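Here is a short report for a reader new to this structure. It goes feature by feature.

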Amino acid sequence: MRRQSTMLAAIFLAAFLGSTAAMINSPPRIIKQPPTDELLFKVAQQNKESDQPFIIECEAEGQPDPSYRWIKNGKKFDWQAYDNRMLQQPGRGTLVITSPKDEDLGQYQCFAENEFGVATSNSVFVRKAELNAFRDQAIKTVEANEGEPFSLQCEAPDGWPKPTVNWLIQQSIDASIKSINDSRMTLDPEGTLWFSNLTRNDASDEFYYACSAASVFRNEYKVGNKIMLDVKQMGISASQNKYPPKRQYVTRKNEVALRGKRVELFCIYGGTPLPQTVWSKNGRPIQWSDRITQGHYGKSLVIRQTNFDDEGTYTCDVSNGVGNAQSYSINLRINAIPYFTIEPEIQNAAEEETVEFKCEAAGSPEPTIQWIHNGKPIALAEPNPRRTVENTRIIIKDLVKQDTGNYGCNATNSLGYVYKDVYLNVLALPPEITEAPRDEATVDGRNITMRCRVFGAPKPQVKWLRGASWLTGGRYTVLPSGDLEIQQVTFEDRGDYTCYAVNKFGNKSAKGSLDVKEHTRITEEPQNYEVAAGQSATFRCNEAHDDTLELEIEWWKDEVIIDFDAQPRFVKTNDNSLTIAKTIELDSGEYTCVARTRLDSATAKANLIVQDVPNAPIIKKPINCRGDKAEISWEPQGDNRSPILHYTIQFNTSFTPASWDTAYEKVPSTDLSFVVQMSPWANYTYRVIAFNKIGPSPPSGHSDACTVQPDVPYKNPDNVVGQGTEPNNLVISWTPMPEIEHNAPNFQYRVSWKRDIPAAAWENKDIYDWHQNNIVITDQPTFVKYHIKVVAINERGESNVAAEEVIGYSGEDRPLEAPTNFSMLQVTAATSAYLGWNPVSPESVRGHFKGYKIQTWTEKEGEEGLREIHVKGDSNQALVTQFKPYSKNFARVLAYNGRFNGPPSAVIDFDTPEGLPSPVQSLEAYPLGSSAFWLTWKKPLNPNGKLTGYKIYYEVVTGSFVGERREYDPHISDPRITRMKMAGLKPNTKYRISITATTKMGEGTEHYIEKRTLGEEALMPAVPSFTWEQLPSQNGLATFRVNWHPSTEGHSGTHFFTKYRIKGETEWINEDPEKNKDYQEIAGLDPDTVYEFRVVSVDGHYYTESATSEIDTNTVEGPIKVPNENLANAGWFIGMMLALAFIIILFIIICIIRRNRGGKYDVHDRELANGRRDYPDEGGFHEYSQPLDNKSAGRQSVSSANKPGVESDTDSMAEYGDGDTGMNEDGSFIGQYGRKGL
C-alpha cells in the first residue's frame, strides 16, 4: 500500500509539473554539460583507422525553449563554419564533431538563453589523446650478479594522457608475451623494474624483458627497450647469497595527493633474503581495510578515495635478517579541488518577497568565489539597488517581475573549479499541492514527518488538521517545507490528517492518514563473548514486534552485514541466533543484531574476542655461553588477545638433533632472559615457546650453538631393579642413560651384585653397550635376597656420585599349598556372603605373597564365566559381594604370588536368596490424545528373583522443577504384562514417568523418561491394530480379550472401542468406549462360530478403524451351557452313548484278535531279520501283518496364536450340525460336519 501511494504521489507531481510547465515561464536551467577538467578526442591516422566522433554536451530546459551559443578560448565559436565536420543536436546545444582534427583543441563553454535569462555551463578543455612510439633500438644484453638488487630502466615514449608503463617477458621463439608477477620484481611509477634480488632463473635464456607503454583512451600499446639479462653466478650455493636491505625506489619525502583520488606510496628495497616491509602511520600500526591496502607484495601502500584524515607521516620499516633494518618516512598532504559545502538552489518566489542565494565551498588551497548573472560576472551586470552581493550569498529584496534571471556560483583555486548555475523566477500563483499527504504508518515512540509540498507565489502558508482540530505546538511542528513533524508518536495519533495551503490568491487542501504500530524491541540482547580460536561462538537475539508486521533478523560485523551464503562458517539458526563455527582471530569484533520491520528496527551489540595462542617469540642473537651455563634472551611478538602466562625454554643437542627437550618449563612472563645449565661434551641449541591460557605459541627460531667440554658422569642409572623371570635366575635391569648424560666418550655400566648373607663378596659385570638395559644371571636359588648397584663410567672415570644399593630377589615359583577348610560362614544378602579358610604357610608361597583370590560362578554361567575377588594376604575370611541373587553359586579360594597362582581349594556351593531386580531394559511412552500415554517396556535383563509385577510413578515437570511424585494406581501384579494405558493426565503437560520391577524383596532400580502430552485439539487417528486371546468361560459361551495397539507412527487417538459381528451378517455390535484401559473383554459369544472383529481408535469426533480379523470360537474352555431339556431325550446325549458303545465293542474285537494270533508282530520282526520282504501290497488282514501306526490328530481351535486344539472330555455330538445322526451298516457314525457362520 505504501509503495502504491508513493507511486500515485509521483504520478500526481509529474502531471502537475507537466500541466503547469506550459503556463509558467522560467529562465533556462542546464541539465547536461561537459565535465570541469578535460575532454579527450582521438584523431584518425591516415589510411590506418576510421574517424571516431566525439561530443561536447550541453542541454537546458526552460519556458520558452532556450537557444544555444558556444565560446572557444574566450571568443564566439561559429561551429557552422566547419562544413559537415561539426553539427548541433536538434533541440539541444550538444556539439557533435564527426571528424576530429588537431585544431579542435581548446577551451569550450556553452550558454543557453531565453527572454528570462542566460544559463552558463561548465568550461571544459578539449585536447587530443596521443601515444608516440619507442625509439628503434637493438636488443641489449645486460650483466648482473646473482643475489644482488638490480633494476631495468624504461625509456617510455611521450603521450597524453601519460601512458601506463609495464614490463613484460617476450619469448624469443614465437614472440608470445606474458606479464610479470613475482614478489621480487616491482614496477615503480616512472616505469623502472626493480629486482629485490637476482636469481639464476631471472637470466634470459629463451626470452627477453620488454617495456610496454599503453594508452587506455586510445586502446593501444607499444613495446620497446628489449633487454637480455645475463645473471653471473657467484660460485656458492644460492642459499648462501645474503645482502642487507638496500633502498631502490621510494616516494619523495613530501607527497601531495588530491582529495577523492587514489594515491600510492612506494617503499621498494632490495636484498637477499627478500626484505619484508611493515607500514605505520604517525608511529601506529595501520588499520587495513578495503580503502587502505598494500600493493606490490607490501612494497607500496594504496589509499583509495583519499580524504583529509589520510594526512600524516607514513613510515616503512624494512628488514630481512641480514645487516641493519632500514626505515623511511613520507609526509602525505591532501590538496582538494574546490567542492561545494552549500550549493545555491533554484528560487521560485512572488513579488515583494525576499530571496537569498547561498554558496559556500571548500578546497585546498582555499578557493575564491565569483558570482555570475546571466552569463556575465555580476560586477558587469546591470545595477540593482535591491540586490546585495556578498562573498557567499546574494540577497534580493522586494522582488519585481524583472528580477527573473540566472545566477551562477564559481569556486576556483589553483587545482580547478566547481560551478553551478541556478535561476530566480518571480511568479504570482495560487497554492498548489505538488505532493499530497500519503497514508503513513509508523511505530510508537518514534518521530514521523508527514509530507505536504506546496507551490505558489507568494509562498503559501501551510496548516494541518487532525479531524477537525488544528495542530499547533507541543509535539506537532509545521516545517518550512510544509511537512508536519510529529514527535514521540503515540497510539492516540492514529487517524486522518489534512494539509491546508493558503496565500492571497486562494487555498488548497489534501488528506492523508497515520497508522501507529507497536515498536520493535530486543528482549534478549547478545552477550559479550570470549572464545578460544577453533571453538564455536553463539550470539542469541530475541525480540518482540507488532504481529501485523513481517520481521527480519540481520547480523552485522563491524558495521558490515554478514553474507551467510559467502561465509559458510557463519550460520543463522532457526531461533535467529548467530553461530560462528571454528572461530579464528580475525572473527574478533563487534557484532550487531538488527531486528527490522518495514517501519522500524531495533539493534543490540556485543563484542567477540577470539583468543589464540601467542605469536612465536624471537631469540636475540648471539646467546651468551659461559662454561656449563647459557643465557638466552628473547622478545615476545604479540599475545593475540590473551596475556602470556609463562615461557618454556627447549633445547636439542648433537645427540638428538631431531627432538627437543625442556630446559626450563615455566619462566615468568615478566622475564625476557634466563640462564640454563648445560651438560659436558655436547653442542646445545635453544628455542623459546610462549604460553597463554589458549595454549603454546609456535616455537621461536633456534639459537646459535653452545659447546661444553667433557667430564666424568654426574649420575648413575635410574630405576635399578633386581627381579628374576624364572625360578633359577636373577635379572638386573635399569634405565639406560641418554648420550647427553655420558659427559665423555667410552661410556659403560658396571653392574655389581651379592647374596644377602654374611661375608658374601661382590660380583661385577661391565656393560659396554650404553643402550643395554639388563643382564640375566642364571643358576641361582629360587627366591633369595640380593644387594645390587649399577655405576656409570666414561674415559674420565666413574660417576662423581656414589651408586645406590637396591634389594632384589631371584625368580618366583608356583605356590605349593591350597587353603584348607574353605567354607561359607554366612549369607548376608542376595549378592553377598562371608567366606572363611585356613591360611597357607609362608614357605609354601615361594615368592612375594600377594594374597588370596576367591573365584566364583553360578550354575548358569559355568566355570568359564568365573569372577575373581582379590583378598589381602593377612586375611583368612572375606565378605564377598559379587554373588548372583536367586542362584546356585560356586566358590573356591587359592593363594598367589607375583607370578603364579597356587592350587585351588575344594569347591563349595550355596544358594542365594532373591534380590531386587535390575531396571527395565527400555520404556517408551506414546501420547494418546491430550490426557493419556500408551506405555510399553521390556522386562529387566536381570530379574534377580521371581518378578511379581511393576510399579509406575509420574511427576509433572515444569522447566527444571519436578513436582510431587505419585504412584499410578493400580500397580501391575502380572509380570507378563509389558504395556498399559496411563490415563487421567493434564493436556500439553510434561511428565516424568518412572517404572520399577518388583520381586518379593521389593522394588528394583527405576528407569524413567520425560514426555509431553498433546494439546487438546482433535486429530484423525492413524490406523490401529489389535491382538486377542481367549479367556476361560464360566457359562459355555466364548469370551475373548481384545488388546488395542495404537499406532506409534502417527497420531494414536485418545481411546478405543471394539465392534464385531458374525461373519456374513451386516450389522455390527459396538462395545462401549474404553477410556482407561488398552483392552476390552468381549463375553457371550456363541461357540463354534466365526466372528469378524475390529477396533476403532477415537479422538474427539474423528474415528479410524483397524483392519478386520476373524475369530473362530470352535473351542470353548470351561463348563458347557446345558440347554433346558430332559437329559434322556437330548440328542447329544443319545449320540454320545452310541459312540461310546461302538468304541467299546471295537476295542473288545481288537483284543480278541490280538490274543488269538499270538503275537504276530514278533513273528513279523523275526521274518524281517531273516530277510523276507514279500509282503502283499493289497490291503486287508494278512497272516504276517506289518505293525500298525495308529496316529490321530485332534481338532484345532483357531485363536490369535493359532495353536492346535486338544481333545476334550466335553467333546460331544452337540458340536456338529443339526442334521440327523445315525450308524451305517459297519457301525460307523454318519454326520454332517458343518458349522454356523461358515
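## Aromatic rings

F150, F195, F207 and Y209 form one aromatic cluster. Rings of Phe, Tyr and Trp (its six-membered ring) pair if their centres lie within 6.5 Å; planes under 30 degrees apart count as stacked, over 60 as edge-to-face and the rest as tilted. This is a predicted model, in which local features need pLDDT of at least 70 and side-chain atom pairs count only at pLDDT 80 or more, while totals for chains, interfaces and linings use all residues. Residues are numbered from 1 along each chain as its sequence is written, and side-chain values use heavy atoms, with hydrogens and water left out.

By the ring rule, the count comes to 34 aromatic pairs. One of them joins Y1060 and F1093. Their rings are stacked, 5.2 Å centre to centre, with 15° between the planes. This pair links distant parts of the chain. Y1060 lies in strand β93 (residues 1055–1062), F1093 in strand β96 (residues 1090–1099), and the two are 33 residues apart. Strands here are DSSP runs (E, at least two residues), as are helices (H or I, at least four), numbered from the N terminus. Are these two residues buried or exposed? Y1060 counts as buried at 8% relative accessibility. F1093 is buried too, with a relative accessible area of 0%. Buried means under 20% relative accessible area, exposed over 50%, and partly exposed in between (1.4 Å probe, protein chains only).

## Two open sheets

Strands of a sheet pair through backbone hydrogen bonds, either parallel or antiparallel. Two strands count as paired if DSSP finds at least two bridges between them. β91 pairs with strand β92 (residues 1038–1045) in the antiparallel sense over 7 bridges. F1026 stands opposite W1044 in β92.

Another open sheet has 3 strands in the order β75-β76-β79, and the pairing is antiparallel. Which strands stand at its edges? They are β75 (820–827) and β79 (877–880). Each has a single partner strand, so one side of each lacks a neighbour in the sheet. Here, neighbouring strands are turned by 20° against each other on average, direction ignored. Strand β76 (residues 833–838) and β79 pair in the antiparallel sense over 4 bridges. G836 stands opposite Q877 in β79.

## A strand with two faces

In a regular strand the side chains alternate between the two faces of the sheet. Strand β31 (residues 355–358) shows alternating side chains. V355 and F357 point to one face and are buried. β31 pairs with strand β36 (residues 393–396) in the antiparallel sense over 4 bridges. The bridge partner of F357 in β36 is I394.

## Salt bridges

How many salt bridges does a search of the whole structure find? The search finds 61. A salt bridge is a side-chain nitrogen of Lys or Arg within 4 Å of a carboxyl oxygen of Asp or Glu. E255 and R252 meet in one of them (2.8 Å, N to O). E255 counts as buried at 16% relative accessibility.

E435, R438, E440 and R451 are linked in a network of salt bridges. Within it, R438 bridges to E440, the closest N and O atoms being 3.6 Å apart. R438 is buried, with a relative accessible area of 17%. E440 is buried at 9%.

D1078 forms a salt bridge with R979, with the closest N and O atoms 3.9 Å apart. This pair links distant parts of the chain. D1078 is in the loop between β94 (1069–1070) and β95, R979 in strand β87 (residues 979–982), 99 residues apart. D1078 is buried, with a relative accessible area of 6%. R979 counts as partly exposed at 24%.

Methods
Axes fitted to C-alpha atoms, helices over the stretch in contact; angles between N-to-C directions.
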